[in-house]
Amino acid sequence: MMSPAHPPAARSAPNLMFSHMGLSVIDIDRMERFYTDVLGFTVTDRGELDMGMKLVFLSRDPLDHHQIVLATGRPPALPDNVHATQFGPSINQISFKMGSIADLRDIHQRLQEDGANHIFPGNHGIAWSIYAHDPEGNNLEFFVDSDWYMDQPFLIPLDFSLSDEGIYEQTRAMCEKSPGFEPYGVWRDRVAKRMTPFMAAPFKG
Ligand SMILES: [Fe+2]
């Protein structure tokens with residue numbers, strides 16, 4: 001006999017973690033070139049469905065067959081975000097974590113060399129970011145976490161003319177003025193208690 005279903009309030013959260021996303025694209029070759037040549041993704045598979053949809057699977061992590069899948073079928077015109085053209089009409093941003101401010105300077109250079117549009121270096125206090133559009137206008141973010149939490153949302157331009165140390169010290173001083181300021185580790189420990197952990201199965205490599 002099956003046990004009765006738990007009422008929703010008594011259920012634990014489903015056992016899931018975020019893995020990947022798909023982008024509907026117009027020019028799949030152009031998008032593949034950008035995500036491989038500029039961002040360093042590997043094509044793990046490609047093909048076409050009976051309906052005529054072409055797909056390119058991209059990953060930078062062998063634990064995920066694909067982190068981004070490009071799939072044809074995007075209509076030729078989409079409206080702008082009603083607040084700011086930096087952000088998308090549906091996907092606000094797709095964000096990539098980087099290791100250091102030097103990495104941010106490096107991707108900034110690569111995006112400029114590739115002719116990316118809407119390049120905007122931003123400072124969130126909790127993170128340093130570069131926003132830029134991919135070839136079909138999807139807003140990407142490249143970011144490095146700082147060592148501090150401050151109340152969000154917060155966004156001012158990031159001044160790349162400062163040294164790494166200058167950016168770090170300016171940001172710490174700015175974060176310390178926020179009512180919610182605390183070391184990021186303290187914030188993480190607290191918020192972790194509100195989150196249901198993902199029960200990862202052992203990795204069979
Ligand atoms: Fe973000």
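Across the interface of domain 1 and domain 2, one salt bridge is found, a salt bridge being a side-chain nitrogen of Lys or Arg within 4 Å of a carboxyl oxygen of Asp or Glu. Arg33 and Asp114 form a salt bridge whose closest N and O atoms are 2.9 Å apart. The model is a predicted one, in which local features need pLDDT of at least 70 and side-chain atom pairs count only at pLDDT 80 or more, while totals for chains, interfaces and linings use all residues. Residues are numbered from 1 along each chain as its sequence is written, and side-chain values use heavy atoms, with hydrogens and water left out.

Arg33 also meets Asp37 in a salt bridge, at 4.0 Å from N to O. Why can these two residues be found about one turn apart? Arg33 and Asp37 are four residues apart in helix α1, and so about one helical turn separates them. Helices here are DSSP runs (H or I, at least four residues), as are strands (E, at least two), and both are numbered from the N terminus. In general, side chains of opposite charge can pair when their charged atoms come close. The whole structure holds nine salt bridges.

The two domains themselves span residues 21-74 (domain 1) and 91-196 (domain 2), with bounds that come from an automatic or database domain assignment. Their contact takes 16 residues from domain 1 and 13 residues from domain 2, where contact means heavy atoms within 4.5 Å. About 1200 Å² is buried between domain 1 and domain 2, and carbon and sulfur atoms give 64% of this area. Buried area is the accessible area (1.4 Å probe) that two parts lose on being put together, summed over both. Met31, Phe34 and Val38 supply 35% of the area that domain 1 buries against domain 2, more than any other three residues. Six residue pairs are in polar contact between the two domains, both residues being at pLDDT 80 or more. A polar contact is a pair of N or O atoms within 3.5 Å; within protein, one must be able to donate a hydrogen and the other to accept it, and residues adjacent in sequence count only if both atoms are side-chain atoms. On the side of domain 1 that touches domain 2, β1 (21-25) and α1 (28-38) each supply at least two residues, and α1 gives the most, with six residues.

Five bridges join β1 to the parallel strand β4 (residues 68-72), and Ser24 has Ala71 of β4 as its bridge partner.

The other open sheet described here has five strands, also of mixed pairing, in the order β5-β8-β7-β6-β10. Its edge strands, β5 (94-97) and β10 (156-157), each pair on one side only. Strands β7 (residues 127-133) and β8 (residues 139-145) run antiparallel and are joined by seven bridges, with Tyr131 standing opposite Glu141 in β8.

Two backbone details complete the picture. Gln152 and Pro153 are joined by a cis peptide bond, with omega about 5°, and Pro153 is in the loop between β9 (148-149) and β10. His118, in the loop between α2 and β6, has a positive phi near 55°. Most residues other than glycine have a negative phi, and most peptide bonds are trans.

Terms used:
Two strands pair if DSSP finds at least two bridges between them.
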